[in-house]
Amino acid sequence: MRGFACAHHAEKRHRLDRTFSSLSRKDCIGSYYAKDAKYRPFSALLPEGWSGKVLYVKLVLVLLMCGSFMGLLNSPSIHLADEHHHHTTQPEAASKSSWMSHPDAANSGYASSLRIDWSQIETAAEHFAPAAADGGGTSRTRTRVALLNFDDGEVEEWKARMPHTDASAVRLDHVGSDVTWEHLYPEWIDEEERYGAPACPDLPEPSVESEEARYDVVAVKLPCGRAASWSKDVARLHLQLAAARLAARARHGGGPAAAHVLVVSRCFPMPNLFRCRDEVARDGDVWLYRPDVSDLRRKLELPVGSCKLAMPFRALGEPYVSAAPQREAYATILHSEQLYACGAITAARSIRMAGSGRDMVALVDETISARHRGALEAAGWVVRTIRRIRNPRASRDAYNEWNYSKFWLWTLTEYERVIFLDADLLVQRPMEPLFAMPEVSATGNHGAYFNSGVMVVEPCNCTFRLLADHVGDIESYNGGDQGYLNEVFAWWHRLPSHANYMKHFWGGDTAERAAAKRRVLAADPPVALAVHFVGLKPWFCFRDYDCNWNVPALRQFASDEAHARWWKVHDAMPPRLQGFCLLDERQKALLRWDVARAREANFSDGHWSARIADPRRSICAGGGDAEACREREIAGRRVEGNRITTSYAKLIDSF
């Protein structure tokens with residue numbers, strides 16, 4: 001889950017080689033074997049006087065073939081279902097290569113060093129709509145084109161190559177260098193406006209020749225910086241929003257479609273502004289879209305960043321009426337039954353207790369047993385099997401090895417919108433108002449990032465393919481799905497924090513702020529829509545109190561009020577489902593160890609002195625399995641036989 005990422009545990013990750021082609025580059029293998037024969041490792045195996053050129057050529061070929069095979073074996077596409085398998089086309093592969101190999105310089109602003117391949121634009125131009133009629137009914141013979149961020153030479157080249165278009169450059173004043181991404185996406189805003197209304201920087205709008213000016217095509221050339229931060233670029237965002245505004249201008253004669261938008265860029269446009277479902281054509285570094293004008297206008301009414309709430313705080317408590325409730329659903333993902341099955345079962349119960357009748361879909365991978373699938377279904381989840389997607393930068397058996405499986409959310413195309421919930425959330429109030437929000441709407445995490453534990457998505461198979469295709473290209477700030485999604489959906493929309501209330505007391509919180517958080521967690525009736533249980537989960541503790549109190553590194557996540565609220569929902573479940581929340585003997589040993597250490601430290605809160613009355617203390621989760629029921633010993637924070645939580649350092653990274 002996301003909780004510990006928000007607490008400042010962002011690990012450094014090393015980029016993996018994207019291809020094995022670098023093995024054959026000049027000054028690599030070739031230069032090595034061109035050296036003196038004493039450095040040739042196989043020379044002793046050759047007949048005396050025999051030339052080794054053929055052998056070395058063969059060796060290089062064998063290495064390349066082995067490398068290609070291993071690359072294929074570790075490719076995330078191996079883990080995708082056959083019906084969703086997607087092969088990258090040559091133009092797409094070329095585009096990826098140019099993106100990663102020749103990014104624009106850091107802080108290059110609006111400038112793009114990309115050399116335009118005019119044949120790609122000419123191919124896209126074949127899809128332009130026929131010339132429209134102007135306001136007086138006179139048919140225009142040429143397609144009107146607005147050019148954004150093209151230099152003078154490129155404008156003239158466009159006119160020369162496509163004389164059938166009426167192309168003109170549109171001026172766009174640049175955002176000042178004093179406006180940074182952090183101004184658009186601040187870590188904190190005054191959501192409840194206790195001290196004043198939050199404000200966003202103003203981004204200049206495009207200057208057109210007249211208010212009546214209309215275009216059939218808006219072409220924009222975008223910068224694409226270094227891969228690690230290419231999407232979080234003020235100039236890049238500004239240009240795309242300006243292009244969308246030009247495309248969404250009211251057109252004579254109406255119609256549901258906006259003007260075509262042609263994007264020239266090494267890296268893909270913002271997928272939640274220019275949706276892949278609206279893509280008309282793609283060739284290399286050129287994308288052509290035909291957006292829905294109503295959808296585009298609704299998105300342009302949103303704040304430019306998370307500097308303001310996209311949904312007013314008061315809207316969380318207002319009634320929500322949907323025109324198509326059957327097209328809206330909650331979803332969760334489970335790829336560890338031992339860690340999160342209990343959480344997912346309880347989350348389902350909380351959704352129903354909050355009064356929601358929407359569909360609930362649980363995506364589970366092949367490791368989830370039939371017994372646990374049955375329990376999820378009994379809890380109300382519609383269980384759907386997925387194949388795991390491996391994170392290529394994760395270590396084997398690491399907590400984040402398979403968390404890119406979250407991309408399967410975008411294949412739930414029978415729904416227009418899905419509210420994703422991590423399995424360690426407890427829903428307290430109806431979350432239906434969030435269905436009115438666009439993709440991706442979420443609460444803030446830290447810095448400019450959103451927390452992916454609750455987010456609104458709009459399923460689309462081509463978005464799924466986009467996410468799956470770039471796992472080798474895009475770096476994640478925390479090595480997991482949350483960091484990856486923050487890079488792809490850099491233009492996200494801030495929900496009030498009560499939509500995903502983190503059970504976390506920051507070290508820098510004032511006493512007043514900490515008290516206010518505790519009031520939110522203890523409020524009855526609840527004020528937060530959902531509580532996110534970061535740290536040790538309630539089902540990993542005895543029910544008597546929040547066991548995070550007993551671990552120095554985890555005390556920041558301790559709340560007896562939230563803990564008691566979770567157990568109240570647990571107790572409302574049928575006894576058969578409660579059986580999936582039993583403690584195994586290894587976890588009991590960890591809890592005993594923590595109590596002993598807290599007693600030695602004499603923590604002032606005194607939770608370590610409480611008498612444990614939880615009946616699970618004497619119930620074996622292993623049933624009749626004698627080995628599973630054997631009491632475990634603890635030594636040096638390692639529990640004998642425990643392959644899941646071998647230390648609290650790993651716990652901090654895992655949850």
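The following legends describe close-up views of a predicted model.

Local features require a pLDDT of at least 70 and side-chain atom pairs a pLDDT of 80 or more, whereas totals for chains, interfaces and linings use all residues. Residues are numbered from 1 along each chain as its sequence is written, and side-chain values use heavy atoms, with hydrogens and water left out.

**Figure 1. Overview of the chain.** The secondary structure comprises 18 helices and 18 strands; helices (H or I, at least four residues) and strands (E, at least two) are DSSP runs, numbered from the N terminus. Of the 655 residues, 54% count as buried. Buried denotes under 20% relative accessible area, exposed over 50%, and partly exposed the range in between (1.4 Å probe, protein chains only). Among contacts with a separation of 6 or more, 76% are made by residues 24 or more positions apart, a contact being heavy atoms within 4.5 Å.

**Figure 2. The largest nonpolar core.** A nonpolar core is a set of buried Ala, Val, Leu, Ile, Met, Phe, Trp, Tyr and Cys residues joined through side-chain atoms within 4.5 Å. The largest such core contains 80 residues, of which Phe 407, Leu 409, Trp 410 and Met 455 touch the most other members. Helix H8 (residues 234-247) supplies the largest share of this core, 10 residues. At least three residues come from each of domain 1 (118-127 + 141-301) and domain 2 (325-596); these bounds are taken from an automatic or database domain assignment. A second, separate core of 76 residues includes Ala 341, Ile 345, Val 383 and Trp 539. In soluble globular proteins, nonpolar side chains tend to be buried together.

**Figure 3. Surroundings of Met 455.** Neighbours within four places in sequence are left aside in this view. The residues in contact with Met 455 include Lys 406, Leu 409, Trp 410, Val 418, Ile 419 and Phe 420. Val 440, Ser 441, Ala 442, Phe 450 and Leu 485 are also in contact with Met 455.

**Figure 4. The disulfide of Cys 224 and Cys 267.** A disulfide is assigned to a pair of cysteine sulfur atoms within 2.5 Å, and a search of the whole structure finds six. The sulfur atoms of Cys 224 and Cys 267 lie 2.0 Å apart. The link is right-handed, with 140 degrees about the S-S bond. This pair joins distant parts of the chain, 43 residues apart: Cys 224 is in the loop between strand E3 (217-221) and H8, and Cys 267 is in the loop between strand E4 (260-264) and strand E5 (279-283). Both cysteines are buried.

Figure 5. The sulfur atoms of Cys 276 and Cys 462 are 1.9 Å apart. The torsion about their S-S bond is about 80 degrees, so the disulfide is right-handed. Cys 276 is in the loop between E4 and E5 and Cys 462 is in helix H12 (residues 461-469), a separation of 186 residues. Cys 462 counts as buried because its relative accessibility is 17%. The sulfur of Cys 460 has its closest cysteine sulfur in Cys 462, at 3.1 Å, which is too far for a bond. Cys 460, at 11% relative accessibility, also counts as buried.

**Figure 6. The disulfide of Cys 620 and Cys 629.** The sulfur atoms of this pair are 1.8 Å apart. The disulfide is left-handed because the torsion about the S-S bond is about -95 degrees. Cys 629 is partly exposed, with a relative accessible area of 26%. With the bonded cysteines of the chain numbered in sequence order, the pairing reads 1-5, 2-3, 4-7, 6-10, 8-9, 11-12.

**Figure 7. An open sheet of three strands.** The strand order is E11-E16-E15, with mixed pairing; two strands pair if DSSP finds at least two bridges between them. Strand E11 (425-427) and strand E15 (501-502) stand at the edges, each with a single partner strand, so one side of each has no neighbour in the sheet. E11 pairs with strand E16 (residues 530-532) in the antiparallel sense over three bridges. Val 531 in E16 is the bridge partner of Leu 426.

**Figure 8. Aromatic pairs.** Rings of Phe, Tyr and Trp (its six-membered ring) pair if their centres lie within 6.5 Å; planes under 30 degrees apart count as stacked, over 60 as edge-to-face and the rest as tilted. This rule gives 18 aromatic pairs. Tyr 185 and Trp 492 form a tilted pair, 5.5 Å centre to centre with 40 degrees between the planes. Tyr 185 is buried, with a relative accessible area of 1%, and Trp 492 is buried, with a relative accessible area of 1%. Elsewhere, ring pairs link Tyr 340, Trp 539, Phe 540, Trp 566 and Trp 567 into a cluster.
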